[in-house]
Amino acid sequence: MKMNQIMTKSLLPLLILALFLAAPTFSGAISFFPRLHVSIENALPDNTNPLTVHCQSKQDDLGYRTLAVNEMIEWVFHENFWGTTLFYCHFWCCGKDKSVAVFDRKLYRRYCGKFCPWVVKKDGFYLSYIEGSFKLDSWWQIGIKTILL
């Protein structure tokens with residue numbers, strides 16, 4: 001009987017660790033890591049077509065959303081155990097499209113802290129840095145026709 005008790009006591013920590021590592025990174029998960037927040041605001045000019053956005057990570061597909069001017073999407077999640085959580089979004093509007101990594105460890109540690117707010121403007125994608133200023137992170141991709149003109 002003692003052997004069973006010893007095995008149970010030594011396997012229990014391993015079982016708890018396995019459950020912790022297998023937990024998803026989305027906001028509903030139990031985690032020892034801080035809650036992280038990403039938001040994306042459509043700040044395109046008035047009279048612009050809606051912005052279509054599709055965001056996802058390896059674990060979570062947030063689906064397609066259509067944002068009118070001044071509308072926003074946001075979500076909260078926990079980084080995974082290995083620190084490899086990556087959320088990226090694909091954007092479409094006005095004949096342009098672009099994929100942007102809106103969260104990864106580099107952004108979290110160096111630029112935006114626990115809150116990564118993005119603003120989509122006519123010229124590109126702006127990220128708010130820790131001190132609160134928005135800086136252009138990447139330009140819109142322009143169709144081949146425009147590049148060749």
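Modeller: A contact means heavy atoms within 4.5 Å. Among contacts in this protein between residues at least 6 apart in sequence, 55% join residues at least 24 apart. This is a predicted model, in which local features need pLDDT of at least 70 and side-chain atom pairs count only at pLDDT 80 or more, while totals for chains, interfaces and linings use all residues. Residues are numbered from 1 along each chain as its sequence is written, and side-chain values use heavy atoms, with hydrogens and water left out.

Biologist: Which pattern does the protein follow along the sequence?

Modeller: Helices (H or I, at least four residues) and strands (E, at least two) are DSSP runs, numbered from the N terminus. Here there are three helices and nine strands, in the order α-β-β-β-β-β-β-α-β-β-β-α.

Biologist: How many disulfides does the count come to?

Modeller: A disulfide is a covalent bond between the sulfur atoms of two cysteines. The rule applied is a pair of cysteine sulfur atoms within 2.5 Å, and the count comes to one disulfide. Cys55 and Cys89 form it, with their sulfur atoms 2.0 Å apart. Cys55 lies in strand E2 (residues 51-56) and Cys89 in strand E5 (residues 87-93), so the pair ties together parts that are 34 residues apart in sequence. The torsion about the S-S bond of Cys55 and Cys89 is about 110°, so the disulfide is right-handed.

Biologist: Is Cys55 buried or exposed?

Modeller: Buried means under 20% relative accessible area, exposed over 50%, and partly exposed in between (1.4 Å probe, protein chains only). Cys55 is buried at 2%, and Cys89 is buried at 0%.

Biologist: How is a pair of aromatic rings described?

Modeller: Such a pair is described by the distance of the centres and the angle of the planes. Rings of Phe, Tyr and Trp (its six-membered ring) pair if their centres lie within 6.5 Å; planes under 30 degrees apart count as stacked, over 60 as edge-to-face and the rest as tilted. The count is seven aromatic pairs. One of them, Tyr64 with Trp92, is stacked, at 5.9 Å centre to centre and 25° between the planes. This pair links distant parts of the chain, with Tyr64 in strand E3 (residues 61-67) and Trp92 in strand E5, 28 residues apart. Tyr64 is exposed, with a relative accessible area of 57%, whereas Trp92 is partly exposed at 31%.

Biologist: Which residues form one aromatic cluster?

Modeller: Trp75, Phe77, Phe87 and Phe103 form that cluster.
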